[in-house]
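This report describes how two chains are arranged and how they meet. The structure is shown first, and the description follows.

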Protein chains: 2
Amino acid sequence: MILLDGKKLSGKILLELKEEITGMGKKLRLAVVVVGENPVVRKFIEQKKKFGESIGIDVRIYPFDEKITTNELRKRMSEIVHEEKNTGVIIQLPLPSQINTQYILNSITPEKDVDVLSSRALGNFVSGKSQIMPPVAGAIRALLEEYGIDYKNKNIVIVGAGNLVGKPVALWRLYEKVTFGVVRSNTQNPQEFLKYADIIISGVGRPKFITGDMVKEGVVVIDAGTSESEGKLVGDVDFDSVAPKASFITPVPGGVGPVTVAILFKNLFTLAKK
Amino acid sequence: MILLDGKKLSGKILLELKEEITGMGKKLRLAVVVVGENPVVRKFIEQKKKFGESIGIDVRIYPFDEKITTNELRKRMSEIVHEEKNTGVIIQLPLPSQINTQYILNSITPEKDVDVLSSRALGNFVSGKSQIMPPVAGAIRALLEEYGIDYKNKNIVIVGAGNLVGKPVALWRLYEKVTFGVVRSNTQNPQEFLKYADIIISGVGRPKFITGDMVKEGVVVIDAGTSESEGKLVGDVDFDSVAPKASFITPVPGGVGPVTVAILFKNLFTLAKK
């Protein structure tokens, strides 16, 4: 069993990126829109800030009150997106329930949409016109390639179909010649699908959803789930029972997460270079 | 075994549509862009023309030489799309190999894109903002609903992932809470997936790709494949061996095809109404 070391890969990507950004001679800035307060979210944002600054990218937080209306936020978004110094804009999800999330996401123009979440950026992505990938999908690809894992001729099962993990990964897989399945948290007998999976990519957000008895010997396990359990970040995979059967597996934390942040900044660079 | 009668459903949809269009008092016109000559394509277009005219929708063909360049076609597309009388515009696919197909498709504005194939229309669809569905996916949903087949809590396997069938159907399924798999023409042992399918939706374009030994008893089979064999339109399913095991099955022709054309006109109406 080999651990897919996301922290190491993240460092490698950031280092390469730092050189490229230095050579570019243009100041990059990521605007992060945050609505409300939440300790887990704050930790994610701190990580982005730290990573960004380590490679010379400014990360500017735009905090808003959790009671803000959709119209007010959309107006403010427009200003943030049109601010020339912001070369990329992201919104920390989820937004409070009174907000029309997709309407807010759509205020980000494709050339600043490093998360690939606006309708226009998604449309470019699914029609093969996008220069960048949704960060989680990009991170998973980077991890598989770093460890020389063939994912093009394998059966892939995606667990969960949320906007940040399952959907973008499924969209990515849909556009290459691979066999894949999507299993949900409400799928009856998910093991019927999982036991045929050469590669499992999970982002359902349920601790210990996938256990050792559900997977086949030699499986590659990518755990992009994020839940909180007793103040700690945990994934979807019961590591102790799954790891002994896996050929490769990501730890949580230290797997997909840090690579996703690195790819976010890589996307920022790719779009700014244009 | 019950035949899913697409011809009958198509007639029903068109009849309802005719009433609505008459009540609308606005003249609708579908522009069909055709590059080159091909007897199978000509048959499809004739069917669209006939269906459209039966409900008072003009169908105007714009024929182009098969040697046309991408730039020239894009220029002409712009004129066709901006012609006010054209309330919807479609391009007969596939286009000749010298043409950048997505670039041409992207000339269609979302409010006239009845086929949902431009990047912007696709982006609206995958982000849940679209009022219409890609016609084949809409036709499959209409057939399932017409026959009272529950598709929301079933395992669905999609065979093939082309732009006209597999991709839009997978995108549609991705956005509802269902379990689904995508199998390709190059998947090894597709029966491993197919035998768990409650519903099979196929659009791979290979005659007799799916045979009776690959499916389970009681399966629902939707055959949206279109190939030509000895001058006849044939699907992906070996009807003779699959039908005895199926609870519901589409014939080819007379299954998904005619419903798809009806949904195309329904999309035209929905967009024009706005």
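The model is predicted: local features need pLDDT of at least 70, side-chain atom pairs count only at pLDDT 80 or more, and totals for chains, interfaces and linings use all residues. Residues are numbered from 1 along each chain as its sequence is written, and chains are lettered from A and ligands numbered from 1 in the order in which they are written.

**Interface**

In chain B, 25 residues are in contact with 25 residues of chain A; contact requires C-beta atoms, placed from the backbone, to lie within 7 Å. On the side of chain B that touches chain A, α5 (119–126), α7 (166–174) and β6 (179–183) of chain B each supply at least two residues. Helices (H or I, at least four residues) and strands (E, at least two) are DSSP runs, numbered from the N terminus. With 6 residues, α5(B) gives the most to this side. The residues there divide into 9 nonpolar, 10 polar and 6 charged. In this division Ala, Val, Leu, Ile, Met, Phe, Trp, Tyr, Cys and Pro count as nonpolar, Asp, Glu, Lys and Arg as charged, and the others, Gly among them, as polar.

**Strand pairing**

Strands pair if DSSP finds at least two bridges between them.

| Strands | Sense | Bridges |
|---|---|---|
| β6(A) (179–183) and β6(B) | antiparallel | 3 bridges |
| β5(B) (155–159) and β6(B) | parallel | 5 bridges |
| β2(B) (29–35) and β4(B) | parallel | 4 bridges |

Between the chains, A:Gly181 stands opposite B:Gly181 in β6(B), and the bridge partner of A:Val182 is B:Phe180. Within chain B, B:Asn155 has B:Thr179 of β6(B) as its bridge partner.

β6(B) is mostly covered, with 5 of its 5 residues buried; a buried residue has 20 or more other C-beta atoms within 10 Å of its own, with C-beta atoms placed from the backbone. B:Thr179, B:Gly181 and B:Val183 point one way from β6(B), whereas B:Phe180 and B:Val182 point the other way.

**Helix α7 of chain A**

α7(A) (residues 166–174) is also mostly covered, 8 of its 9 residues being buried. Among them are A:Leu171, A:Trp172 and A:Arg173. The buried residues of α7(A) pack against α5, α6, β5, β6 and β7 of chain A together with α7 of chain B.

**Open sheet and domains**

An open sheet of 3 strands in chain B has the order β3-β2-β4, with parallel pairing. Its edge strands are β3 (58–64) and β4 (88–91), each pairing on one side only. The twist averages 20° from one strand to the next. B:Val32 stands opposite B:Ile90 in β4(B). Helix α2(B) (residues 39–54) lies across β2 and β3 of chain B and runs at about 155° to β3(B); axes are lines fitted to C-alpha atoms, for helices over the stretch in contact, and angles run from 0 to 180 degrees between N-to-C directions.

Chain A is divided into domain 1 (25–109) and domain 2 (135–257), with bounds from an automatic or database domain assignment. The C-alpha centres of domain 1 and domain 2 of chain A lie 28 Å apart.

Notes: Two residues are in contact if their C-beta atoms, placed from the backbone, lie within 7 Å. A residue is buried if 20 or more other C-beta atoms lie within 10 Å of its own, exposed if 12 or fewer, and partly exposed in between; C-beta atoms are placed from the backbone.
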